[in-house]
Amino acid sequence: MSRPIARVLMLLELLQSGGLRTVAELAARLEVDERTVRRYADHLLDLDVPVESVRGRHGGYRLASGYRMPPLMLSDDEALAVLLGLIAGRRAGLMTATGSASETAAAKIRRVLPQRLGHRLDAVLGSLAFTAPPSAPAPPESAVLLSVADAVRHHRPVSIRYTAADGRRSERALHPYGLVAHSGRWYVTGVDPAIGEDRTFRLDRIADARTLPGTFDPPAGFDPAERVLSAMASAPYRHEVTVRVQGTAEHVRARLPAGVAIVEESVSEGGPDPENERWSRVEMRVDRLDWLPAALASLDRPFAIERPEELRGLVTRFAARLAESARQKGPPEAP
């Protein structure tokens, strides 16, 4: 590569780092005079790279928004970060219905990498193992995701066409407060203005999202992630479980996260040691009870079961199995 071309590409890389760069700064970085910097900027404009000139005492050059994405100059670390991000996004289920987009983007980056860097990235990706299986994705349509995100940012109401889990279809309005990605799925949470109640919808079940006129004011301090997890924990299931645990809410949530349990902490007054008198009320809705005895035992705190009665028997039998195992000296010897 000839030296002028290399410096033009270096100028592009400097501008892609963001912000306004003065002509003097660019000249020093490129080791050329200011007149040559202006000529290099003209070369980029000839290539349809949207370089914007800012006049004045503190003027210089910066990249403006163009009608297409300009060529990207990635360092070794940046190329690795992009490829690892694409892999992690696919495994986490954070993709749109155009699922091949992440694969084609990765392929384009790999295709233009120098051979030396390509071999190094192959070594990283070929030796990389994951401790958890990939999430089963439920990707939304790109147009839906972008429309809802724009409405969240600008506090605009949206009209959505939604298909519920039972197949029922409806069209409704929503004041969207936030987007949440959880376990390979995208959710939008907000309030239904017609009835004034909180609602949470899966984006992959939204067929169309259309921005409506007007704006709204979201509530102060609203936590979209907490709202989605609370909605999951309070969804109707086969069993409703209530347990009181002697421990802080923070301790309980470390083992029973918000997507599983609703935890409320209370402190008994007048006790000799207020820290030991702190109890938390735990509510869960689950389809199966068989995993709960082990989960409650992992809390390592006294607890009292309020409901259901069936859980008491499961905990008793679990404790008996643990006691029997504790008495064993080892496996029986083969005859």
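Start by selecting Glu240, Arg285 and Arg307, which a network of salt bridges links (a salt bridge being a side-chain nitrogen of Lys or Arg within 4 Å of a carboxyl oxygen of Asp or Glu). This is a predicted model, in which local features need pLDDT of at least 70 and side-chain atom pairs count only at pLDDT 80 or more, while totals for chains, interfaces and linings use all residues. Residues are numbered from 1 along each chain as its sequence is written, and side-chain values use heavy atoms, with hydrogens and water left out.

Keep Glu240 and Arg307 selected: their side chains form a salt bridge at 3.2 Å, N to O. Glu240 belongs to strand β9 (residues 239-245) and Arg307 to strand β12 (residues 303-307), so this pair ties together parts 67 residues apart in sequence. Helices (H or I, at least four residues) and strands (E, at least two) are DSSP runs, numbered from the N terminus. Glu240 has a relative accessible area of 36% and is partly exposed; Arg307, at 35%, is also partly exposed. Buried means under 20% relative accessible area, exposed over 50%, and partly exposed in between (1.4 Å probe, protein chains only).

Next, select helix α11 (residues 309-327), where Arg312 and Glu309 sit three residues apart, about one turn of the helix. Their salt bridge has its closest N and O atoms 3.1 Å apart. Arg312 is partly exposed at 33% relative accessibility, whereas Glu309 is exposed at 55%.

Then select Asp290 and Arg288, whose side chains meet in a salt bridge of 2.8 Å, N to O. Asp290 is partly exposed, its relative accessible area being 48%.
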